[in-house]
Amino acid sequence: METDKAAPLRVDAETAIILREAYHKIEALFRSDHYGLYDYVRVVAGKIAHVDAFFVGFLQGSSRVRYPYGYDDAQYVTPDTHIFGPEGQTAWLLKHRHTYRFAYDNGATLHAGIPLGDAGRRSKDAVTVPIFRPAKDGPDQLFGMLSMQSYTPNSYDDNAVRAFEWLCEVVQRVLTREGEDREALRRLPAGDVGPNLLTSDHVMEYLTHRVAAIRETAVEALGEPDVSTAVQTHLDRIVDAAEHIQSELIEMLMDTDEAPERRFTSLTKAQQAVALLLADGLDNDQLAAELGVSLNTVKTHLSAILRKYGFRSRSQVADDVRKYLAR
């Protein structure tokens, strides 16, 4: 029985070697380091064609695009969020669902959107590739894009475009696998929202560790020989600022709401089992069947849970349990 084989990627031999090396490095190094992944893909794209600007964007809601990574003319661009309009690249990608090339309309779509990076310069060539995630029903969901741009006209031939599309497919697979990992977590009790809900605790903990890393780097630099007085002064200021931020972040964490945890831990083991399933949206009959107890036992547990929580409805309990699980 014959099986369909994907056609070979039509790129030149030198490009194929670059892409093969990139594939192995991405698989080995950038599973959870998104910034490193985007930075590396930009560098690889620059080995194949001239890249002056490089942007990564993700759709959120019905009208926003968040840009976590940007690079323009050898400078990193501050991450930003924009509302996209009906004429720019994002709307074009949503409508056509395939790669946008500057040559399609001499950049009219590119320049119709909000400029990124140096607003005083206009790109003369661009390739923007949509990023999709699989959908259970219907077509795959477009959720992001990668764009390489040049201030030099005619920078991107078909070879460069095919190579960039291939690189973007690798990025797509990395991000999709992370989504599949989160889906596995959702299969746990109350996992539909709990393990994947980002909270202020998560953000604070992340920032605390990142600031600590910056402080440690500055301390190491201070230990290097031949550090000038001026540089030492700046490094001392970085260390001092980092220490202050770390202290402030820890105190901010103390102000986070611990009530959901206190309420959940006040329950007995049996009541906690009921509360977890409440967060999954089960009704009384489903609770009884899942736990292997009688309907009266379920009602007794529910009454005790509502009393301990001080809530009037099971939906309030479910929301509170989700908050606890997300911590």
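In this predicted model, Arg42 lies over the face of Tyr71, 3.6 Å from the ring centre, where a charge sits over a ring if NZ of Lys or CZ of Arg is within 6 Å of the ring centre and within 35 degrees of the ring normal. The charged end of Arg121 likewise sits over the ring of Tyr151, at 3.8 Å from its centre. Local features need pLDDT of at least 70 and side-chain atom pairs count only at pLDDT 80 or more, while totals for chains, interfaces and linings use all residues. Residues are numbered from 1 along each chain as its sequence is written, and side-chain values use heavy atoms, with hydrogens and water left out.

**Aromatic pairs**

- A search of the whole structure finds 14 aromatic pairs, counted for rings of Phe, Tyr and Trp (its six-membered ring) with centres within 6.5 Å, and classed as stacked for planes under 30 degrees apart, edge-to-face for over 60 and tilted for the rest.
- Phe54 and Tyr69 form an edge-to-face pair, at 6.0 Å centre to centre and 80° between the planes.
- Because Phe54 lies in strand E1 (residues 53-60) and Tyr69 in strand E2 (residues 64-72), the pair ties together parts that are 15 residues apart in sequence; helices (H or I, at least four residues) and strands (E, at least two) are DSSP runs, numbered from the N terminus.
- Phe54 counts as buried at 0% relative accessibility, and Tyr69 is buried at 1%, with buried meaning under 20% relative accessible area, exposed over 50% and partly exposed in between (1.4 Å probe, protein chains only).
- One aromatic cluster includes Phe54 and Tyr69, together with Tyr35, Tyr38, Phe58, Tyr71, Tyr76, Phe143 and Phe164.

**Helix H9 and its surroundings**

- In helix H9 (residues 269-279), the buried residues are Gln271, Gln272, Val274, Ala275, Leu277, Leu278 and Ala279.
- These buried residues of H9 pack against helix H8 (259-265), helix H10 (284-291), helix H11 (295-309) and helix H12 (314-325), where contact means heavy atoms within 4.5 Å.
- Just after H9, Gly281 takes a positive phi of about 85°.

- Thr109, placed in helix H4 (residues 108-112), counts as buried because its relative accessibility is 8%.
- Leaving aside residues up to four places away in sequence, Thr109 touches Glu87, Gly88, Gln89, Trp92 and Tyr100.
- Tyr206, in helix H6 (residues 200-222), counts as exposed because its relative accessibility is 52%.
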